[in-house]
Structure formats: structure tokens, C-alpha cells
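Here are a few notes to go with your first look at this one. Have the model open while you read.

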Amino acid sequence: MIRIAVIEEESELLKLEKQLTEEYFRSKGLICEIQSYRNVEWFLLELREEMADIYILGDSMTSKSGLEIARKIREYYVGAVIMFVTNSTKYAVDAYEVNAYRYIIKDNIEQKIKEAYNSLLPGLMEKERHYYVTEKKGSIEKIYYGDICYLKKEGKYVIFKQRITETKVRKSLTEILRLLNDDRFLQIDKNCAVNVDYVVSLKNYDIEMYDGSILTVAKQRLAKIREIIGQYWKVSDKNIL
């Protein structure tokens, strides 16, 4: 599922952005979940609870500018796509500060938002194709890679900590990582691996995740982990521009 957050105080513009987004992804046969916010403070309170794939921001709010909101998003989610809806092309210069994917002029929103989604679509569809399947007690579950925040070994099980829920799988962490076979999953000690997209910071031996969880890096892995995370984030920044 593709998750999109729209933050806009103008009610009619918010309604239009949501409508255009729903129509676009419906026409492509894709499911998208749209969270819309007119209240910036409410959005910021919920920001760390769940990461969206795309954030659409107005350029000016009563309490904070779109640029201030984008900086806050970047603190938590390096790889998220940020787009601005604005009245002026001058705003584009500032937008590059937060690696904004695109800025859209309000007067031409119907055409430009479609063009932006067309450009993003291959990457979004590729993301939806990567998933892990679990089977137990007659049930089957599909876990998308992008929803996995981190993996933690507990006894005979590996806990898949996801955006909203958790899933237990009776396999070794080594086997899970082999099956996932994806560079975004990084083993930080013998019992834990993180999805780098959800890492907020690395300080000393502690990794802070988007939900506030603190996970400790094994001493012998620290230098390599710091190098890999740094390189991964640099590549993510380039892909956003």
C-alpha cells in the first residue's frame, strides 16, 4: 500500500489534492492511503507514528512554513519523497535545502501533480513488489519490505517490527536476512537488524529509530555500521533530487 500525507490549511486546495491523488492511483489499479491535515501541529504530533511514502506540503501555514515542516520530516525520514504546492517559483530554491522531489504551482496543479506521480510510479511499484510471506496455523501474511522497521531475535523467533504491528517468525535472523536479500536491512548485532530507512540517528553505540526505539550496535560492528548508514543516506539524498 502506498501511503501519502497531505498537509494544507486551505480546505478547497486540500480537497483537490486528495481528489487528484485518489483518482490517479485508482486509474493505475493501485491502493493508496491518504492522510490529510489542515492542522500542522496535529500532523507533527503524529509524524513519528507512521512514515508516509510521499508528503505533499503547502508553502505557508499559519503556525509554520512548509519548509519548516519539511525539515522536521527530514529529521526522521531521509528517504521520504517531499513535494511542495506553491504560488511562486521562487520557493523552489529553498525547497532544494530539504531535497524536495518537486514543487508544483497551484495554478497548474492538475497537470503537474499527475506528472510528478508518473515520474514516481516506477519506484513505487518496485517497492510494492518486494515482500516477505509468512505462513502459520493455516494463515498467510504478506509483509512489505518498506513496512519493516527492524528485526529482533527473541528466543526461537524473529520479531518483525512493522509500522503498525508486529509479526513473529520461527527462523534464525541470519536466515531471514538471507531471504530478504536487501541492502536496506543492516545487522547491528547478533540479535538485531534495522531498516536503514527508519533510522533517525546514530550516536555512540545507539541507533534511534523513527518510533523512538533505541537499539544498540555491537562494538565490533560500529565503524562499519556508521560507514554503511552514511553511504546509504547519501545515495537516498541523490535519488530524491
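How many of the six residues of strand β1 (residues 2–7) are buried?

1. Six of the six are, so to speak, under cover: β1 is mostly covered. Buried means under 20% relative accessible area with a 1.4 Å probe, protein chains only. I2, I4 and V6 point one way from the strand, R3, A5 and I7 the other way, and all are buried. Strands (E, at least two residues) and helices (H or I, at least four) are DSSP runs, numbered from the N terminus.

2. A word on the source: this is a predicted model, with local features needing pLDDT of at least 70 and side-chain atom pairs pLDDT 80 or more, while totals for chains, interfaces and linings use all residues. Residues are numbered from 1 along each chain as its sequence is written, and side-chain values use heavy atoms, leaving out hydrogens and water.

3. β1 runs parallel to β2 (residues 32–37), joined by six bridges; strands pair if DSSP finds at least two bridges between them. Opposite I7 you'll find Y37 of β2. Four bridges also join β1 to β3 (residues 54–58), again parallel, and there A5 has Y55 as its bridge partner.

4. Now look at K142, which lies over the face of Y131, 4.4 Å from the ring centre. The charged end of K168 sits over the ring of Y157, 4.5 Å from its centre. The cut-offs for a charge over a ring are NZ of Lys or CZ of Arg within 6 Å of the ring centre and within 35 degrees of the ring normal.

How values were computed
Buried < 20%, exposed > 50% of the residue type's maximum accessible area, 1.4 Å probe, protein only.
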